[in-house]
Amino acid sequence: MKTPEQIKEDLMQFTGTTTYFKHPFNIVYTDGIKFLADECQCYWLIDLVASYQFDKKVRQEDFQVYKLKVNPDKSAIVEISDGNENIIVTQELEFTDFPLEEIMIWFANGVCYLPSEH
């Protein structure tokens with residue numbers, strides 16, 4: 001298993017995308033997001049983004065920012081904002097084994113991607 005520092009360094013290589021992957025909830029995600037899900041074993045995070053597309057408040061935002069912050073006790077919080085730091089929804093997670101302290105994912109036009117892939 002890679003260290004968090006190695007994962008962060010590897011994530012920096014994703015600048016744009018060459019491949020899109022289809023999620024069952026009718027969104028797509030990039031090769032950077034797939035790498036993140038594979039390395040961090042967090043396909044649940046893609047599911048979270050996809051499931052929030054059924055929430056009217058979230059869905060009406062053309063651009064969405066998902067910020068996952070992991071606390072020292074391994075609980076976490078996910079903030080969904082509109083990209084202008086206006087929080088739309090906050091979800092608390094009782095436990096996660098996500099290896100990074102935090103990650104930001106962007107969602108627009110039906111595509112889930114890393115900020116570096118913009």
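Guide: A pocket is an open set of points, on a 1 Å grid over the protein atoms alone, where a 1.4 Å probe fits and protein lies on both sides within 12 Å along at least five of seven lines; its lining residues have an atom within 4 Å of a point. This is a predicted model, in which local features need pLDDT of at least 70 and side-chain atom pairs pLDDT 80 or more, while totals for chains, interfaces and linings use all residues. Numbering starts from 1 along each chain as its sequence is written, and side-chain values use heavy atoms, without hydrogens and water.

Visitor: Which residues line the largest pocket?

Guide: The lining consists of K8, L11, M12, L100, E102, I103, M104, L114, P115 and S116. Its elements with two or more residues are α1 and β6, and β6 gives the largest share, three residues. (Helices are DSSP runs of H or I, at least four residues; strands are E runs of at least two.)

Visitor: What makes β3 and β4 paired strands?

Guide: Pairing requires at least two DSSP bridges; β3 and β4 have six, in the antiparallel sense, and therefore count as paired. L68 has V78 in β4 as its bridge partner. Five residues separate the strands in this hairpin, and K74 in the turn has a positive phi of about 75 degrees.
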